Amino acid sequence: MTGEELLAAAEKEQAARRQAKYCVAVCAAAGCHSLGSTSIREIFQKAVNEAGLGEQILLYGTGCLGLCHAGPLVEIQRYREDSWERWLYHHVNEGMVAEIVRHHLGGDQPLAQFLYPLDDPFFRSQYKIVLENAGRINPERLEDYIGADGYSALWKAVSEMTPMDVVREVTQSGLRGRGGGGYPTGLKWSTVAKSKGSRKFVVCNADEGDPGAFMDRSILEGDPHRILEGMALAAYAIGAEQGYIYVRGEYPMAISRLKTAIRQAEKVQLLGNRILESAFNFRVDLRIGAGAFVCGEETALIGSIEGNRGTPRPRPPFPAEKGLWDMPTLINNVETFANVPAIVRNGGQWFSRIGTEKSKGTKVFALAGKIVHTGLIEVPMGISLRQVIFDIGGGIPDGKQFKAAQTGGPSGGCIPLPHLDLPIDYESLIKVGSMMGSGGLIVMDETSCMVDVARFFMQFCMDESCGKCVPCRAGTAQIYRILEKISSGTASLHDLELMEELCDLLKHTSLCGLGQTAPNPVVSTLRYFREEYLAHIEQKTCPAGVCRMGAPDAACGSAEPVQEKENCL
Amino acid sequence: MPEKPTSLPPPRGDKRYKILDAAIKRHQFQPNAILEVLHTAQELFGFLEEDLLIYVARALRVPPSRAYGVATFYNFFSMKPQGKHTCVVCMGTACYVKGAADILSALEKEHGIKAGETTPDGLLSITTARCVGACGIAPAVVFDGAVEGQVSPQYALQRTQQWRMETL
Amino acid sequence: MSVKTLMINGQMVSASEDQTLLDVLRENGIELPTLCHLDGLTPIGACRLCLVELAGSNKLHPACMTRITEGMEVTTHSERLVKYRRMILELLFAERNHFCSICVINGQCDLQQMGYDVGMDHVRFEYQCPAVEVDASHERFIMDHNRCVLCTRCVRVCHEMEGAHTRDVMGRGGSSRIITDLNQLWGKSGSCTGCGKCVQVCPTGALFEKGRSAAEVVKQRDFLVYIKTAREKHLWIQ
């Protein structure tokens, strides 16, 4: 494919969409899929055909529309007088399909009683860059992505930009790594671009491990070509010819969509040799993870791609200098790559106008837990947590009281009520003892016990510790044991003190990020909910009524602990 | 620890070994492709028995101890046969705060096995996942590969009992 | 080879650029405990006992894997480092079943000696007491997992020096175990050459020779440096 052909294909697709009487996008993301959206789509197709509208209606499955709790979702769009009209049907069932087809598609009479108001704060407060194609494209069709200006950034890069231009554009945008740490993406790219090596690699970290987070999954499933284009731009910028996507084995749909996308792109020379007739070559291979959280850590991920146990190694040297097979390697997260095509297409300056001074652009969050609108949202950086939870998220269900918001997964922390007006950006979240993380936002109400939550995360870290370094391997087990004692009302204040010492040890001496951040959930809940811990220890009660007081279970996998605490040497 | 032979298993005219061989060939016998090959092997055979692991290790020129170390590092690989039906309870944060632990304990109690185990009749395996990425519809349970959301303990019991009824 | 000057605990010290920080420290008589590190084996920075503070970095760095740079300012025994080292050792003692008084290597054990050195008089953590096995199937050696600290010296020496790769690590986290081939009995291993290098490098009583009492166990480790020097510098013994 040449650049001209690409533009022509985009024109053709756009024209087809405009000419259609209606475009009907049925959400095909994981949430709606498990609520039966696939059969809804089939029923829709059948009804449309029976009504004789098959020719005039564009019907397709699309990426996550966001409102997962109200699924299955169907969005109907119509182009009229230079703008798009949109309607969103929620909780769609078989009976509704027939009516929608008859009245809305056939008779131009939207069914107000089934519609979700699109002027709801849930939609109004969002700003979509990464998720801009949700509802717009069928993730399994390359043509759809091209029609949505897909690969035009790649064409722009290979035809009129030097690799350094691309790096400059990304640097100027102020984009920071969306995987959690927030390392400036442009800086990383220029480091890899300047590192010397006979070969270089681009790796997409799609091992989304944080429990309670499904942003990357939605992007991979809803817009796979976007990731490929972002990776290709990165490869062009740093001089790599090979890329890997390390994707979780738990996401079979994402894997199959990526496989399809790679095949499609290779067929028309958007990947492979001489991309868009330029001298730039780039291939992408998939590597399927096998269920190890620690593989989200970049050096462990490299180990895993190389076919080893996914244990991290100390940095430096950083992967930017010595990564895959000791070659300079650029590792970015899915959402980071997904931002890149838009940045190159619209310019870094455009991107840098969105967000706050130090955190640019938007962030995708997965809202989950005790919140009315569970689902996927994309908001500009700097928006307050209160807006996210109460305006967009619709607040807490069943008239309960908000207690804390957990961000950053097992590496993050809980943010209590007094900090709700905090703007969401990397620095602010760290200041209150949490972190941006990959974007899982779990809301807890008064019925959640913070000791129990801390215990949950510590168990997670203990199970996921790779076992290489001592503080993480043995320390998480000890902290977990103490939390178990606290939540069963058998701990003393001395235990609490010991636990805090252990948290400090892990933070400073663990080898990788997993161990260093493992104490965060404990430290942050201790910081804001210390009285809950004390209630468990001193009054032997659980204020939230979650923990069952009584003798703790024996330590995992062992008999009664031997009471030999004195000198053993 | 049982005694184990280290001899190469004969492919036994098994068609699955042919598919496995093709996968190994596709990765050009590269030792670093062991994860990919183990994925294929588990897909074909359901679990990684020792003979199979030795077969893969030999083909990729990986020491057996390394192959075993890699296979046991990742949750995804199973060294024991799985039940006819599988039930994966998501224990991600979102599911946990919405009561996934209750679902799991109900299932464990009903079937008399712990998570990660298979019923003695080989009918049902119960496992947990750290997150299946269906947090929007928590709590989620995967019944035989299909994710279902907003599952209650009663519903989970009903689904698994149904499997039991079918085999009677 | 260029020479660098660095500041260690306030003292100026010179070193050549290919040395690791740990080499330099030892050369200058500053002892740090090390479990996973052993001269001659690839360092992995896993035991975290040799962590030091570097001026200008808010992280701690494992001396065994830190390359020296000009003007580096190193602190090796600050209050918190001493405390961390002791806690890490306590964690190790509480992790498996370490009972020195009945150990074959009592008095010759690296772990025990480190405990003495850091002044560990008791363990504050709850003993985990895992049920682990002893493998005495080999005709000359015994592997006792109760005393294993997962330093992986045996894994590395088997792979790097002997080239047999009989050993590796299985599982992960607290359930990690050192394995022989496919987690089988040592005595039945097809790849073990019986060289005994793993026994010599083991820092504790996890690997030991049959039929020897505590006083007779002296671990010999100089062979590592001989082999390594010979391989790298081609200095074969005539």
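Two residues are in contact here if their C-beta atoms, placed from the backbone, lie within 7 Å. This is a predicted model, in which local features need pLDDT of at least 70, side-chain atom pairs count only at pLDDT 80 or more, and totals for chains, interfaces and linings use all residues. Residues are numbered from 1 along each chain as its sequence is written, while chains are lettered from A and ligands numbered from 1 in the order in which they are written.

**View 1. Chain A meets chain B.** Chain A brings 39 residues to this contact and chain B brings 32. On the chain A side, helix H2 (30–34), strands E9 (362–369), E10 (375–380) and E13 (440–445), and helix H18 (450–464) each supply at least two residues; helices (H or I, at least four residues) and strands (E, at least two) are DSSP runs, numbered from the N terminus. That side has 17 nonpolar, 16 polar and 6 charged residues, where Ala, Val, Leu, Ile, Met, Phe, Trp, Tyr, Cys and Pro count as nonpolar, Asp, Glu, Lys and Arg as charged, and the others, Gly among them, as polar.

**View 2. Chain B meets chain C.** Here 15 residues of chain B touch 20 residues of chain C. Helices H3 (50–60) and H4 (64–73) of chain B each give at least two residues to the chain B side, and H4(B) gives the most, with 7 residues. Sorted by class, the chain B side holds 7 nonpolar, 4 polar and 4 charged residues.

**View 3. The contact of H3(A) with H4(A).** Among the residues that make this contact, look for A:Ile40 and A:Phe44 of H3(A) and A:Val97 and A:Leu105 of H4(A). By class, the contact has 9 nonpolar, no polar and 1 charged residues.
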